[in-house]
Amino acid sequence: MSATDPPPGAPPPTPRQVFLAGARSTMPFLASAIPMGIAGGVLGLSSGLSEFATLGLAMAVNSGTAQFVGFALIADGASWPAIILTTLILGLRMLLYSTILIPYVKEVPQRWRIVLGFGLIDEVFFVAIDRLRNGRLTHHKHLFFLGASGLLYVTWMTCTVIGMSLGSAVPDVEKLGLDFPVTAMFIAMLAIGLTNWRVAAAIGSAGVTVMLAQGLPYNLGVVLAAIVGAVVGAGCELATRRNQPKASEQKENVA
Amino acid sequence: MSMLLLIIGMGLCSFLPRYLPLAVLAGRELPAVVETLLKYTPPAVLAALVFPAVLTPSGKGIELTLANPYVIGGVVTFAAGMVSKRFLLSTSIGIAAFYMSRWLIG
C-alpha cells in the first residue's frame with residue numbers, strides 16, 4: 001500500500017496523481033465488487049423489477065447492502081414506508097463515516113462535498129481515513145475521493161448491466177465464497193491498525209456486542225457494536241490519560 | 001411512476017446520512033471527547049462487520065470450527081496482517097488460505 005506513496009519532502013502531488021492514487025487504492029476491492037455487482041443485476045430482475053428500475057435503484061443508493069435489501073423487500077411486496085425506513089436505518093453507519101471525516105474536509109468546496117458524500121461507502125472510507133490520519137493525503141483530497149469511489153461506482157454499474165443481461169445464469173455469490181475477499185481486506189485493515197491495547201479493547205468489545213446483538217433487525221447490531229467499541233476504546237484512552245497526565249500521545253496511530 | 005418515486009426516496013435516504021454531516025458540520029472544532037470517540041470508531045465498525053461475516057457465514061448460528069473456511073481464512077489474514085503490517089500481502093495470503101480450506105473441506 002505504501003510503495004506508491006511519495007517520499008516525505010517531495011513536491012506536492014499533481015491533481016492527476018491524486019486522482020489516480022484514489023483509483024488505485026480501491027482497485028483491490030474490484031475482486032469482490034465485480035461478482036457482487038453482477039449478482040445485483042441478476043437479483044433485481046429476479047425480484048420482479050424492470051431493467052430500468054434495477055439499474056436506477058443501484059445508481060441511486062450506491063450501496064450494495066441497501067440495494068440487495070431493497071430488492072428483497074420489493075420482491076416481498078413490502079410497503080414503501082417500510083422500504084424507505086429500512087434504507088435510512090442501513091445508512092446510519094454512513095453517518096459515523098461522514099462525521100469522522102468532518103475535521104479533514106474543511107478546505108473541500110461545498111459542491112465537492114456532495115460528490116464526497118455520494119461516493120462514501122465502506123471501502124472508500126477506510127482507504128481514505130487511513131491516508132488522512134497518516135498525513136499521506138493533504139492535497140486535492142476531493143480528487144482522491146473521486147478516483148476511489150468513481151472506480152467502484154462505474155465498475156458496479158457496469159457489472160449490474162452485465163448481470164441483467166446474463167439473467168439467471170449466474171452462480172450464487174455466497175456458495176462460491178466470493179464474499180470473502182472484502183472480509184479479508186477488512187481484517188487486514190484491523191490487524192494493521194491494531195497498534196495498542198486500547199484499539200484491541202475497541203475491536204473486542206465491538207465484536208462481542210455484534211455477536212450478542214445478532215437478533216436485532218436491519219443491521220442495528222452493527223451500529224450498536226460500533227458505538228460500544230468506540231466508547232470502550234475512547235474510555236480506555238481517557239482513563240490512561242488521567243492516570244498519566246504527561247504520557248505522550250504522539251505515537252498514536254489508530255486504524 | 002411510483003417505482004421512480006420509491007427509488008428517489010431510497011436514494012435520498014442513502015445519500016443524506018453520508019452528506020449532511022460533511023455539509024453542515026465541516027470546519028467546526030469538535031470537542032476532544034468526540035474526537036477521541038471518532039478515533040476508535042473505524043476499528044469498531046470494521047470489527048462489527050467482520051465478526052459476523054467470519055463466525056456466522058451462512059446465517060445459521062455461530063460456526064467456530066475448523067470446518068468453517070471463513071474462520072481459517074480470517075485467522076490467517078489477521079495473523080499475516082499483525083506480522084507483516086502489509087495490506088495486499090496479508091489479504092492475498094488470507095484469501096489463498098480461505099479457498100484452500102474450502103477446497104480441502106469440500
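Author: Helix 8 of chain A passes helix 10 of chain A in a left-handed crossing; a crossing is left-handed if the near helix is turned anticlockwise from the far one by less than a right angle, and right-handed if clockwise. Helices here are DSSP runs of H or I with at least four residues, strands are runs of E with at least two, and both are numbered from the N terminus. The model is a predicted one, in which local features need pLDDT of at least 70 and side-chain atom pairs count only at pLDDT 80 or more, while totals for chains, interfaces and linings use all residues. Residues are numbered from 1 along each chain as its sequence is written, chains are lettered from A and ligands numbered from 1 in the order in which they are written, and side-chain values use heavy atoms, with hydrogens and water left out.

The contact, meaning heavy atoms within 4.5 Å, is made by A:Asp122, A:Glu123, A:Phe126 and A:Val127 of helix 8 of chain A and by A:Val182, A:Phe186 and A:Met189 of helix 10 of chain A. By class, this contact of helix 8 with helix 10 of chain A has five nonpolar, no polar and two charged residues. Nonpolar covers Ala, Val, Leu, Ile, Met, Phe, Trp, Tyr, Cys and Pro, charged covers Asp, Glu, Lys and Arg, and the others, Gly among them, are polar.

Helix 8 (residues 122–133) and helix 10 (residues 180–193) of chain A pack at an angle of about 25°, with their axes 12 Å apart. The axes are lines fitted to C-alpha atoms over the stretch in contact, and angles run from 0 to 180 degrees between N-to-C directions. Helix 8 and helix 10 of chain A are therefore roughly parallel to each other, a term for angles under 35 degrees, with over 145 roughly antiparallel, 65 to 115 roughly perpendicular and the rest oblique.

Aromatic rings also come into the picture: ring pairs link A:Tyr97, A:Phe125, A:Phe126 and A:Phe186 into a cluster. Rings of Phe, Tyr and Trp (its six-membered ring) pair if their centres lie within 6.5 Å.

A:His140 has a positive phi of about 50° although it is not a glycine. In the chain as a whole, the secondary structure of chain A comes to 12 helices and zero strands.

Notes:
Rings of Phe, Tyr and Trp (its six-membered ring) pair if their centres lie within 6.5 Å; planes under 30 degrees apart count as stacked, over 60 as edge-to-face and the rest as tilted.
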